[in-house]
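Welcome! Take a moment to look over the sequence and the 3D view before reading on.

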Amino acid sequence: MPGVHDRGGWPDDTPIDLTEHEYSDWERRVDAVHQVLGAQGIRTTDEMRRAIESLPPDQYESLSYYEKWTAALEILLIEKGVLTAQEIDAKAAQLREQGL
Amino acid sequence: MTIAAAEPVRFEDGSAVRVRVESPAHHFRTPAYIQGHVGVVDALCGVYPNPESLAHGGDGLPRQPLYRVRLRQTDLWPEYAGNPADTLLVDVYQHWLEAA
Amino acid sequence: MTTTHVEDHVHDQPMSEVALRSVAIEALLAEKGLLTADEVQRQVDLMDRRTPADGAKVVARAWVDPDFKARLLSDTRSALGEMGIRISEDTPHLTVVENTEEVHHLVVCTLCSCYPRMLLGRPPDWYKSLAYRSRAVSDPRGVMAEFGTAVASDMQVDVLDSTADMRYLVLPRRPEGTEGMSEEELARLVTRDSMVGVSEALAP
């Protein structure tokens with residue numbers, strides 16, 4: 001049974017959705033944060049792929065592209081001891097209060 | 001014992017190769033749909049750090065030769081309806097290949 | 001700096017939970033001195049500047065200059081360097097594959113979303129979709145039909161699944177009736193989709 005990310009040849013009759021969306025600010029920034037951390041050697045592309053593939057299959061299939069990048073970033077930064085889940089929770093709550 | 005920094009290149013252009021059938025618990029880059037199939041080496045792409053090591057914080061050594069392998073679509077997909085000459089080209093690291 | 005960045009994000013609609021977490025993570029990394037908002041913005045700007053127009057220029061040059069085309073196919077990095085397009089050593093290796101009267105190429109990444117970002121910018125949503133990733137390898141002609149592209153039955157279709165350290169760009173066929181056109185005019189016929197291989201270059 002291939003992993004959820006290993007899609008080649010999976011039975012899938014859904015027509016390809018050709019709608020394109022303009023990337024929002026946060027999507028472009030999380031993309032950039034990954035590149036910056038990569039340039040600093042804090043995380044590798046392969047680690048990021050591994051983190052994305054480790055998401056529960058329902059999340060892998062339902063999260064948007066940059067939502068998966070965000071989830072992967074969180075997994076890796078916690079794993080490497082750079083951030084804790086509590087810190088991220090607290091910062092997110094604080095930003096919400098600031099109106100985000 | 002010193003560990004070789006790079007695995008020696010084992011296959012030439014035109015070599016017949018079979019893709020190993022494996023699903024290790026760690027991250028890997030060999031899709032399930034090509035595993036067990038026989039193809040022909042189209043080109044040596046280069047010698048690269050092993051992503052299976054990089055994905056888990058390793059140093060990627062020894063580096064692995066990476067080949068572009070050509071497989072027949074009619075071999076991969078029993079129902080394939082296109083031109084019998086159609087092929088699939090896929091990049092596979094040497095440790096996933098054996099002589100066929 | 002972080003404060004300015006937060007204010008940039010304040011909109012009428014509250015952000016989704018995941019989007020909010022991404023902002024939180026960036027803010028924390030900045031507080032810990034691991035990156036700055038300016039560094040991130042420079043990277044955003046760099047990617048924003050990369051568009052399919054870059055790839056189109058390269059294709060148009062290859063159409064008008066056979067020697068350049070030969071170099072582009074054999075040593076992509078140095079050929080791009082001639083055009084002032086520098087690809088740093090730490091980015092994946094780019095290979096250009098040529099569509100001919102006999103062979104048509106189509107590019108996919110079945111495992112994730114590998115894409116020649118250095119010449120086309122960020123990939124479109126459909127390229128990353130599960131439907132494209134599953135069927136581009138098993139039914140490339142059906143997939144191309146969804147893009148309105150009919151490939152002759154006697155044409156050989158080669159699909160490239162970029163699973164590893166290589167990125168692929170398709171050099172589409174030069175359309176008929178473009179003999180007198182300038183390089184600039186030709187570049188306008190080269191679409192992003194034609195460089196992924198789901199379609200042909202535009203007719204003049």
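Here is a short tour of the two chains, one after the other.

Please keep in mind that this is a predicted model. Let us begin with chain A, which has 5 helices and 0 strands. Among the 100 residues of chain A, 50% count as buried. Its contacts can be sorted by sequence separation: of those with a separation of 6 or more, 60% are between residues 24 or more positions apart. As for charge, chain A carries 10 positive and 20 negative side chains. The centres of these two sets are 6 Å apart.

Chain B comes next, with 2 helices and 5 strands. Its order along the sequence is β-β-α-β-α-β-β. Of its 100 residues, 49% count as buried. Where contacts in chain B link residues at least 6 apart in sequence, 63% of them join residues at least 24 apart. Chain B has 8 positive side chains and 12 negative ones, and the centres of the two sets lie 2 Å apart.

| Chain | Span of the C-alpha trace | Accessible surface | Share from carbon and sulfur atoms |
|---|---|---|---|
| Chain A | about 45 × 30 × 25 Å | about 4800 Å² | 53% |
| Chain B | about 50 × 30 × 20 Å | about 4700 Å² | 53% |

Note on methods:
Residues are numbered from 1 along each chain as its sequence is written. Chains are lettered from A and ligands numbered from 1 in the order in which they are written. This is a predicted model: local features need pLDDT of at least 70, side-chain atom pairs count only at pLDDT 80 or more; totals for chains, interfaces and linings use all residues. Side-chain values use heavy atoms; hydrogens and water are left out. Helices (H or I, at least four residues) and strands (E, at least two) are DSSP runs, numbered from the N terminus. Buried means under 20% relative accessible area, exposed over 50%, partly exposed in between (1.4 Å probe, protein chains only). Contact means heavy atoms within 4.5 Å. Accessible areas come from the Shrake-Rupley method with a 1.4 Å probe; for residues, only the protein chains shown count as cover. Lys and Arg count as positive and Asp and Glu as negative; His and the chain ends are not counted. The place of a charge is taken as NZ of Lys, CZ of Arg, CG of Asp or CD of Glu.
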